Amino acid sequence: MKKEEKDYFLKLLEKVKEKITKNLTYSREVIEEGIRGVPTHIADYGTDEFKKDLEVDLSNSESKILQAIDLAIKKIKDGKYGICEECGKQISKERLKAIPYARFCIKCQTEREKSGK
């Protein structure tokens, strides 16, 4: 991968990481506020619990994406970015533009999903 491409993907990864970090900060604030707040009506309690559970699920998903982004940034620095962890082939630029933290090429990702990995 050329230096210009590495720089492009590094900036893209950092931009996605910043956006997710902001979302996580907001989610944590919502969760903390929900824990402190007491619903005034019993029907509100269910809604509050649903919102809290949703925020926790989103936070967990975004935390996993942050880990994948950090790994991708490390791979850029190590010269291993854009290489499928399963087959060792180059991941397409189109895939990396869509999912810059992708660890597998489309073929291997599809196989992993079919097998339940």
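**Figure 1. The largest pocket of the predicted model.** The largest pocket of this predicted model has a volume of about 260 Å³. A pocket is an open set of points, on a 1 Å grid over the protein atoms alone, with protein on both sides within 12 Å along at least five of seven lines; lining residues have an atom within 4 Å of a point. Grid points are joined across faces, edges and corners, and a volume is the space filled by probe spheres set on the points. Of the 14 residues in the lining of the largest pocket, A68, Y101, A102, R103 and Q109 are the closest to its centre. Two or more lining residues come from each of the elements α2 (42-78) and α4 (106-115), and α2 gives the largest share, 6 residues. By class, the lining of the largest pocket holds 7 nonpolar, 3 polar and 4 charged residues. Ala, Val, Leu, Ile, Met, Phe, Trp, Tyr, Cys and Pro count as nonpolar, Asp, Glu, Lys and Arg as charged, and the others, Gly among them, as polar. Residues are numbered from 1 along each chain as its sequence is written, and side-chain values use heavy atoms, with hydrogens and water left out. Local features need pLDDT of at least 70 and side-chain atom pairs count only at pLDDT 80 or more, while totals for chains, interfaces and linings use all residues.

**Figure 2. The largest cavity.** There is 1 cavity of 30 Å³ or more, a cavity being a set of grid points where a 1.4 Å probe fits but cannot get out. The volume of the largest cavity is about 40 Å³. Its lining consists of A68, L71, A72, K75, Y81, G82, I83, I91, Y101, A102 and R103. Sorted by class, these are 8 nonpolar, 1 polar and 2 charged residues.

**Figure 3. The largest nonpolar core and C84.** The largest nonpolar core has 18 residues, and F9, L13, Y81, C84 and L96 have the most contacts inside it. Such a core is a set of buried Ala, Val, Leu, Ile, Met, Phe, Trp, Tyr and Cys residues joined through side-chain atoms within 4.5 Å. Buried means under 20% relative accessible area, exposed over 50%, and partly exposed in between (1.4 Å probe, protein chains only). The elements α1 and α2 each give two or more residues to this core. Beyond its neighbours within four places in sequence, C84 is in contact (heavy atoms within 4.5 Å) with K89, I91, R103, F104, C105 and C108.

**Figure 4. R95 in helix α3.** R95 lies in helix α3 (residues 93-98); helices are DSSP runs (H or I, at least four residues), numbered from the N terminus. R95 counts as buried because its relative accessibility is 14%. Apart from neighbours within four places in sequence, R95 is in contact with A102, F104, C105, I106 and Q109. Its C-alpha atom is separated by 9.5 Å from that of G82, 13 residues apart along the chain.

**Figure 5. E14 and D70.** E14 is in helix α1 (residues 3-36), and D70 is in helix α2. E14 is partly exposed because its relative accessibility is 41%; D70, at 37%, is therefore partly exposed. D70 and K17 are 8.5 Å apart, C-alpha to C-alpha, and 53 residues apart in sequence.
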